[in-house]
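Please report on the backbone features and the chain interface of this model. Keep it brief.

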Amino acid sequence: MHTDKKIQATRRSFLKTSAMAMTYMVAGKALMLTPAAARAAQMPMKILSALEVSTLETLCEAIVPGSRSAGIAAFVDYQLAEKPGDALLMGRYLGLEPPFAPFYQQGLAAAHQAALEQFDRPWSQLTETQSKSLIDQMFSDAIANWSAAPASFLFFVWRADACDVVYGTQSGSEGIGMPYMAHIAPSDKWLSAKEQQN
Amino acid sequence: MESISLEDKFDVLIVGAGAAGSLIAAKAVQAGKTVLILEAGPERKLSDLESSQISARKLKWGGAPVEESGNHKIGNSFNSGYGTGGSALHHYAVWLRLHENDFNLASEHGVGLDWPINYKDLMPYYDRIQAEAGISGDAEAEKWRPEGAPYPMPALPVFAQGQVIKKGFNKLGMAVSPLPLAINSQPYKGRSSCLYDGWCDAGCPIGALANPLVTYLPQAFAGGASIRHDSTVSRVLHDASGRKATGVEYFDAEGAVHQVLAEQVVLSAFAVQNARILLNSKSTKHPAGMANSSDKVGRYLMTHPAQLVLGLFDQQTDCHLGATGGQLLCQDDYANKDKGDAFGSYQWLIANATKPNDLLGIATGRADIYGAALDPFMRKAAKHFGQMNFVGEDTPLADNRITLSERKDQFGLPLAATHHSINERTRALVTEGVKQGVEVFKAAGATETWTGPTVAMHLMGGTVMGVDAKESVCDQYGRCHDMDNLYIAGPGVFPSSGAVNPTFTVHALALRTVEKMLATG
């Protein structure tokens, strides 16, 4: 169940991350959520499986701490489900052709397989040291039998996605001491959609 | 069989609502012409230009995939726009003039192509455009600047990042000037002045930056021009003689096919898509594609090879302030193109406003920092980061080209396939320049310096202009040699790239084009 009580995004926090707001249909109503709020509310994924979500969250957390709770999986999943021209993942700048889902899913499958082969367990059960070891190997393309796009490229893409959710928001920017200075306040339409739900 | 909807006839039909198309539309309606603009992307409004590097990506190319190959791929998705305003909606407004030595590469150096015009031909158009759209700068401080009217507005302020890096140039005996920007340093023609918050890449919603939504499109619409979004042009139509374009065929968002007729047709859909449309416009009269009797459509595709030099400084830099395009300019080596092993001019765009994320953001440049080390780095960099951008000249090569792929888009149209490589002399130019940039940063006191990859910045060529109809696609006004009333506008007509950002020149050339059209049509 996805109840209103699970939606933790206050108006203030919503404003600070609105550039990443995502629309979910709940009981026939449009609900605007940030990636973090979508994760907190356990909104259903559209593209990624549970295993893919846990793999993505774990490896991204090891690359960019804070990205799990910032909603990296919700952000990526939402964008993968968008129409090709509407997906806002940085991969569109890096020569990726839409649809992006196969690129992500094949990469996550390769990462999962690497965890099984080296540590006999999925990413979500790796120790911090084991995760770091795999990440280091991905960065340097040192994982044998890697069956997806080059691991170092996937590392780059996932790191960029994770930086989007952690540092690419008003709160993320201000959290490292950089004033955000937005020109445009978030759309009233988004607020009314959220307030309507509440 | 698909039904084709035949629609009204216009005096001028323009494909693409970017910098060139919007200017031509405005001037044409002001001369009493009926004008229709077909834009492949969606409608964009100023209120859509949200301050976010993530949202900014929606402004970039979102149409049919463009295949890329070569040792220096063109980066179409980053360099092209999609929707009202085209790439000029997200451009950084670095409005520089080509230099006098940019127009005669072949005759002066035996390299590439000559332009069919010289700087003197273009200068009055630069002067008129800068008065209309507004540029802030300091012409006297730009000691390298070719002749021309002074800027209509004073230069934008230089913030801490620019002041810090400037010291490095000065220590090495190099000059810098304020960067001329089509961004208002003071209110100009009803548009407000800049707030210096560094969101140019996401599009400027306050009208301080001269993008088409605040410059020429309002004039076009006020004069009665129409625009149809989500309209993908597939081919140019022609009469029985093959010499006269009669209109275009396009697909709407639902895939319905339309034909619209016009007395004059302008392709201003940017370098890659213009060539794609021409190559796809095959007929018995034009078996190799329209305007391609020379086999030059698609050839001489160019970009500016660019590379970032980045670093950390002891001083606080406030790198989030200013304009994305930069604060300062250095063109000390611009006049010397022939450097032996290296060839071409280059310039430095210095102290670019920088955000934490995205392709040009702080985090992306240091992919080697991750895990527990990342956040401390980001916190330090947020206060002490600096960067500047090397922009080099590309050498026009016939084998760098746009062709049609075997693959098709959603409408069954062949995708554009692009191939672009830089030669050894251009590679040497980049190496030499970046080495200099690192020395500048060290001289400026950088505590740590690193460089980015060599990337493609701007797209040019593919439908080059020239005197000889056997060696070029269009004449000096953009009129296709093979056609009486088909014009090309935009950076695709550049026979060589120079090393300056192209948008100012795109405007100046488009003004020449439309005035020629109006004089002959």
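B:Asp295 is partly exposed, with a relative accessible area of 38%. The classes use a 1.4 Å probe and protein chains only: buried is under 20% relative accessible area, exposed is over 50%, and partly exposed lies in between. The phi of B:Asp295 is positive, near 60 degrees, in a residue other than glycine. B:Asp295 sits in the loop between helix 7 (270-280) and strand 9 (302-313) of chain B. Helices (H or I, at least four residues) and strands (E, at least two) are DSSP runs, numbered from the N terminus.

This is a predicted model, where local features need pLDDT of at least 70, side-chain atom pairs count only at pLDDT 80 or more, and totals for chains, interfaces and linings use all residues. Residues are numbered from 1 along each chain as its sequence is written, chains are lettered from A and ligands numbered from 1 in the order written, and side-chain values use heavy atoms, with hydrogens and water left out.

**Backbone in chain A**

A:Asp141 also has a positive phi, near 55 degrees. Its place is the loop between helix 6 (128-139) and helix 7 (151-167) of chain A. A:Asp141 counts as partly exposed because its relative accessibility is 43%. The peptide bond from A:Pro98 to A:Pro99 is cis, with omega near 0 degrees. A:Pro99 lies in the loop between helix 4 (72-80) and helix 5 (101-119) of chain A. Most residues other than glycine have a negative phi, and most peptide bonds are trans.

| Residue | Phi |
|---|---|
| B:Asp295 | near 60 degrees |
| A:Asp141 | near 55 degrees |
| B:Gly32 | about 90 degrees |

**Helix 1 of chain B**

**The interface**

Contact means heavy atoms within 4.5 Å. By that rule, 49 residues of chain B touch 38 residues of chain A. The two chains bury about 3,800 Å² between them, 62% of it on carbon and sulfur atoms. Buried area is the accessible area (1.4 Å probe) that two parts lose on being put together, summed over both. In chain B, B:Ile54, B:Arg57 and B:Tyr370 lose the most area to chain A, together 20% of what that side buries.

The rule finds 2 salt bridges across the interface. A salt bridge is a side-chain nitrogen of Lys or Arg within 4 Å of a carboxyl oxygen of Asp or Glu. B:Arg57 forms one with A:Asp164, the closest N and O atoms being 2.7 Å apart.
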